[in-house]
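The sequence and structure come next, followed by the account itself.

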Amino acid sequence: MQKRNTLDLKKEDRKEEAGKSDVMASEGECRWTVSAVIVLLLAVSAAHVTNKPASSRPHRKTSVLKMDEAALSVSNEIKDEIILYVLSDHCYQCLPQQLGSVPAGQGPGTPTTVGFVVGTQHALTLHLNSKSANQELCKVDFHFGEQGNYSLWVKNLIEPSRVSCNIVTDSEPVNSYLPILFAFLVFAGLAALYTIWSTVRRLDFVRNLLLRLGSTVETERLINSELGIPNRLGVTASTESIIPATAERRLRSLDTFRGLALVIMVFVNYGGGRYWFFRHESWNGLTVADLVFPWFVFIMGTSVGLSLSGSLRRGVKRTHLLGKIFWRGLQLFLIGVIIINPNYCQGPLSWDSLRIPGVLQRLSFTYLVVAGLDVVVAQDQLTNLSSETRWYSLHDVFLYWPAWLCVIALEIVWLCLTFLLPVPGCPTGYLGPGGIGDFNQYPSCTGGAAGYIDRWLLGENHIYQTPSSRVVYQTSVPFDPEGVLGSINSILMAFLGLQAGKILLHYRDQHRQIITRFLIWGFMLGILSAILTKCSSNKGFIPVNKNLWSFSYVTTLSCFAFVVLKIFYYMIDVKKWWSGAPFFYPGMNSILVYVGHEVFEEYFPFRWKMSNNQSHAEHLTQNLLATSIWVFIAYLLYRKKIFWKI
């Protein structure tokens, strides 16, 4: 932890009054945060009561239903045993999986009924086959609702060879999305109230009243990034001629973007209300949970570009910077290994099952490579090119061509290993999930070359044992989404973030130029993603895949990152319509918040025993409260000027 002293209080009266006003605003934000948590709890609790199914409604139960489950009773009136198969529409190139059988009925009016439990996250296709004739009788597509009760009637039509299959809703499902609506309305209402308050407190008589009631302490805006490296666009005496005087500032948009990604990451890691779209995608495609880590990597690259450039202009030796980079990377790696192997709470740690890859380990490796490259190729002083120079519009790229060559070479290595490396028992260039995917032809080929390299280099016991692909594709092979091969593409992601930092450096305070270049980069990366994926989840040349950190995944998320950063930069740093609160605060203490939420995940008040463990509303309440607490902790640390940097 580090504390920095407050600014000298003996400044001119105008600055002192501004400091007082900032304090009152900060206190208002504190009260707003506490009120948000209280009102959120009340609203989500109300949603929980609303979501309970009425006990008086008649329905047939096959078992106690859990989240994302529904009850299905199959009533068979035909005189032949039926085999029921089910296939999730989310499972690409999968064969229907047998769910059970229903004995033959006695004819019309005397059915044989068997109950089943089916999933509700995605639409399902039900296949009903005749056991004796081994042929399909009918096929039904249906999206079941959570905790609903349904009946599937199988009957003969007038023609004996024809069978009808109809689904009837016996009891309506619960509205599992109502808690999200309540939470959204609460936060939207609080944001509106805060906006109104921010407008009111700018009035002269309100400002004077606050100055009389407030303290005289002036809040200093301190700097700290996720790796202890500042996001400041700094100046030195030797560069004053080419850098405007207004450049000595903190870019709040970077901290806000980082904080947004971190807050979503904490919420997702705590469970995300147990909604499927707040969990990582099983294989190809994107959910909310798949956005945040790449954005974090992107912003890390942006911060690296700004901070190292400032250090070089201040005359810091490159060898010294390389030493600091190595030490920071090593600390990140060790912290990551410690927090993802918490066996010390359950007994002695087994070295035979120690997981090596992880989020912080991926950040560590990415930071080492990208920061090292930038130190080697970055200039001590920014080149002041004339706008008439032929390649002026691309000088933020051309000036760093050796680093670009290195990154392109690394990407060629990724492509060659992914599509040319022979994998025993698997087709060359395989990008599938294995398991029941690809018509169950390659059940042990999860991840292709990426999975094979991790198992060969690290060993099966030292990588992630329960990958997200097991949910839909029923895979049984360990696979690590933070594995070795995917780290190459995380370097590309951070390097694109570094390019965003170079744009901010070379076009300081030229807001139109910065925003235009952000949009151009976003557009080019979006077009490249469309080509690679053929605008589909599964049928492209290289599908978007978080588990593999595929090339298209990086281009797609980088496209989003440039656009989001452009919006934040325009709103926060240019127009100053938004201060960045509350995301700004965790963005200033990101490593502390990330490590803290991992270490204290199982402790009160971040988790407690729920009265109904199968309620989305209770899980959402718990996860939102835990996330809000970490935002509040980050706010308090900001007020106390306490920051943890590595």
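In this predicted model, Cys426 and Cys445 form a disulfide with their sulfur atoms 1.9 Å apart. The torsion about the S-S bond of Cys426 and Cys445 is about -100 degrees, so this disulfide is left-handed. The pair links distant parts of the chain, 19 residues apart, with both Cys426 and Cys445 lying in the loop between helix 9 (401-420) and helix 10 (449-457). Cys426 is buried because its relative accessible area of 14% falls under the 20% cut-off, and Cys445 is likewise buried, at 4%.

The structure holds three disulfides, and when the bonded cysteines of the protein chain are numbered in sequence order, the pairing reads 1-2, 3-4, 5-6. The sulfur-to-sulfur distances are set out below.

| Disulfide | S to S distance |
|---|---|
| Cys91 and Cys94 | 1.8 Å |
| Cys138 and Cys165 | 1.7 Å |
| Cys426 and Cys445 | 1.9 Å |

The link of Cys138 and Cys165 is left-handed, with -75 degrees about the S-S bond. It connects distant parts of the chain, 27 residues apart, from Cys138 in strand 7 (residues 135-142) to Cys165 in strand 9 (residues 163-171), and both Cys138 and Cys165 are buried.

For Cys91 and Cys94, the torsion about the S-S bond is about -70 degrees, and the disulfide is therefore left-handed. Cys91 counts as buried at 9% relative accessibility, as does Cys94 at 7%.

Two further cysteines may be described by their accessibility: Cys416 is partly exposed, with a relative accessible area of 35%, whereas Cys535 is exposed, with a relative accessible area of 67%.

Note on methods
Residues numbered from 1 in each chain as written. Predicted model: local features only at pLDDT ≥ 70, side-chain atom pairs only at ≥ 80, totals over all residues. Heavy atoms only, no water. Disulfide = S-S within 2.5 Å. Buried < 20%, exposed > 50% of the residue type's maximum accessible area, 1.4 Å probe, protein only. Helix = DSSP H or I, 4+ residues; strand = E, 2+ residues; numbered from the N terminus.
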